Amino acid sequence: AFVWLTLLGNDVCNGHPGTDHMTTPENFYDKAMETLTRLDTILPKGSTVVSTALFDGELLYNTMADQQHPLGNTYPQFYDYLNCMEESPCYGWLNSNATMRAETTQRAHDLDAVYQNIYDTQRANFKNFEYVYFQPDWQGMFDKYAKDQGVENTPNLIEKSDGFHPSQAANALFATEFFSFFEENHPEALGAVNPFNAEIDALFFSS
């Protein structure tokens with residue numbers, strides 16, 4: 001089995017002001033180990049479990065700050081309106097307050113350090129799977145897209161409606177990065193090449 005555990009922002013994103021409702025590193029460690037320990041009892045031997053580092057949420061505001069939301073206002077105004085209405089999906093990162101964004105990013109880094117700690121100290125204890133900690137170069141992905149498609153098109157990586165979730169273009173970009181990482185570092189996790197790839201290409205991708 002190939003199991004992908006990616007929380008991205010769920011442990012730091014919520015609609016509450018401040019950091020009190022964010023997951024603490026201690027609780028994050030306990031819950032992550034609880035999940036991994038449980039997986040080790042149900043996965044077949046030879047499986048792979050990968051945890052992905054949290055998203056670099058600063059990219060959201062930095063990318064969308066000068067853009068106009070479909071409703072007509074700017075994204076900082078839209079973000080702050082959601083916060084005022086207590087309806088924001090991520091008060092910490094979708095916020096015109098730079099200090100609040102920085103505090104949220106710091107907590108995300110603290111939680112990433114938990115993943116690194118588990119990788120460094122616990123992965124040898126898992127009997128049925130190899131544990132992989134994947135740290136995407138989020139900024140690098142955005143920079144590559146800007147270089148290839150033009151800086152002015154970088155906002156296309158973020159859904160216009162909420163200014164928060166990845167667009168289809170961003171998902172494709174991440175999938176390429178994710179697959180390339182495993183091809184280079186853990187090809188055994190991907191298994192053998194599908195012998196029907198040529199037929200699939202002919203059916204769905206031929207001109």
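Axes here are lines fitted to C-alpha atoms, for helices over the stretch in contact, and the angles between N-to-C directions run from 0 to 180 degrees. Two packed helices are described by the angle between their axes and the distance between the axes.

The structure is a predicted model, in which local features need pLDDT of at least 70 and side-chain atom pairs count only at pLDDT 80 or more, while totals for chains, interfaces and linings use all residues. Residues are numbered from 1 along each chain as its sequence is written, and side-chain values use heavy atoms, with hydrogens and water left out.

**Overall architecture**

The chain contains eight helices and three strands. Helices (H or I, at least four residues) and strands (E, at least two) are DSSP runs, numbered from the N terminus. Along the sequence these elements follow the pattern β-α-β-α-α-α-β-α-α-α-α. Along the principal axes, the C-alpha atoms fill a box of roughly 55 × 50 × 25 Å. Of the 207 residues in the chain, 42% are buried; buried means under 20% relative accessible area, exposed over 50%, and partly exposed in between, with a 1.4 Å probe and protein chains only. A contact means heavy atoms within 4.5 Å. Among contacts between residues at least 6 apart in sequence, 71% join residues at least 24 apart.

**The sheet**

The three strands form an open sheet in the order β1-β2-β3, with parallel pairing. Two strands pair if DSSP finds at least two bridges between them. The edge strands are β1 (2–5) and β3, each of which pairs on one side only. Neighbouring strands of the sheet are turned by 20° against each other on average, direction ignored.

Strands β1 and β2 are joined in the parallel sense by four bridges, and V3 has V49 in β2 as its bridge partner. Helix α6 packs on this sheet and touches β1, β2 and β3; the direction of α6 makes about 130° with that of β3. Between β2 (residues 47–52) and β3, which also run parallel, there are six bridges. Strand β3 (residues 129–134) is mostly covered, as five of its six residues are buried.

The table gives the geometry of two packed pairs.

| Helix pair | Angle between axes | Distance between axes |
|---|---|---|
| α5 (residues 138–149) and α6 (residues 168–185) | about 120° | 11 Å |
| α1 (residues 25–42) and α4 (residues 98–121) | roughly 40° | within 10 Å |

Angles under 35 degrees count as roughly parallel, over 145 as roughly antiparallel, 65 to 115 as roughly perpendicular and the rest as oblique. Helix α1 is therefore oblique to α4. Helix α1 passes α4 in a right-handed crossing; a crossing is right-handed if the near helix is turned clockwise from the far one by less than a right angle, and left-handed if anticlockwise. In this contact, P25, F28, Y29, A32, M33 and L36 of α1 meet R107, D110, L111, V114, Y115, N117 and I118 of α4. These residues divide into 10 nonpolar, one polar and two charged. Ala, Val, Leu, Ile, Met, Phe, Trp, Tyr, Cys and Pro count as nonpolar, Asp, Glu, Lys and Arg as charged, and the others, Gly among them, as polar.

Helices α5 and α6 are likewise oblique to each other, and α5 passes α6 in a right-handed crossing. The contact involves W138, M141 and Y145 of α5 together with A169, L173, F174 and E177 of α6. By class, this contact has six nonpolar, no polar and one charged residues.
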